Structures are given as C-alpha cells and as structure tokens.
Amino acid sequence: QLQLVESGGGLVQPGGSLRLSCAAPGFTLDYYAIGWFRQAPGKDREGVSCISVGGRSTLYASSVKGRFTISRDNAKKTVYLQMNNLKPEDTGVYYCATPGFLSPCSGNLSLAAFRSWGQGTQVTVSS
C-alpha cells in the first residue's frame, strides 16, 4: 500500500524559505498526482497545492500563489514544495497525499478526494 513520507520542515524566520519533500519508499510516484496540505493549530486542514501525474498541471491556494512552487522529480520518486517569503500564517503541520492511481488533482483541493496521508512535517515561521 502506498505510504507517503514528508520531510524538510523546521523553524524559519519570516521572509525565509524552506523546501519540503514528499516521498514514497518502495513505490514509484510516476502515476500519482500529489497534493500538499497544511493544518495550523486549532484550524482545519486546508489544501495548499497539487501537481498532476505528468507534472504539467499545478494548482495553488490563493494564499500561497506566487510564493510556493510545487514540482516533482520522478527519477528521485519525490515531490517538492518550495516555500519562499514565508509568513507566520504559514505555520502548521504540512502533509502530502494523493487522489489515487492516475487520478487528477481535484480542482478545489478537497481533502475528501485524497488518501495515503503522510505523518506530516512541522513548519514554524517565527522571529
């Protein structure tokens, strides 16, 4: 069963950058769209971004558009989320998940459309 693993979180000052990684040990991600989500303390989990199977199509939440970039390296079996110009409101646990084999990213990044959630990686933006 596909199991996703996130890494790359940490503590960063406002305006700083982090790159998150999502991998699937023992599996190839070539046939899976991957979405990134986050959950701030006391808030619901929300969609951040998604990349299609081939990587040609990407989606971003309006709150991160222009600051975050999602990409994939199928040779390394990894999907990345490059986060620049981080703000305190970006703080939270970041998760990756997939809509399933050859399934597309849902247009509204609905959590219900995703599965195989990782354990999450903490991102804290604070001075």
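Helices (H or I, at least four residues) and strands (E, at least two) are DSSP runs, numbered from the N terminus.

**Ground rules.** I am looking at a predicted model, where local features need pLDDT of at least 70, side-chain atom pairs count only at pLDDT 80 or more, and totals for chains, interfaces and linings use all residues. I number residues from 1 along each chain as its sequence is written, and side-chain values use heavy atoms, with hydrogens and water left out.

**Overall fold.** I looked up the secondary structure and found zero helices and ten strands in the chain. I then checked the radius of gyration (taken over C-alpha atoms) against the globule rule (2.2 Å times the number of residues to the power 0.38). It is 13 Å, close to the 14 Å the rule gives for 127 residues, so the chain is as compact as a globular protein of that length. Along its principal axes, the C-alpha trace spans about 40 × 25 × 25 Å.

**Burial.** I noted that 46% of the 127 residues are buried, meaning under 20% relative accessible area with a 1.4 Å probe, protein chains only.

**A visit to Arg67.** I found Arg67 in the loop between β6 (58–60) and β7 (68–73). Arg67 counts as buried because its relative accessibility is 10%.

Which side chain does the side chain of Arg67 meet in a polar contact? I found Asp90, at 2.8 Å. A polar contact is a pair of N or O atoms within 3.5 Å; within protein, one must be able to donate a hydrogen and the other to accept it, and residues adjacent in sequence count only if both atoms are side-chain atoms. I also saw the Arg67 side chain reach the backbone oxygen of Ser63 at 2.9 Å.

Conventions
Buried < 20%, exposed > 50% of the residue type's maximum accessible area, 1.4 Å probe, protein only.
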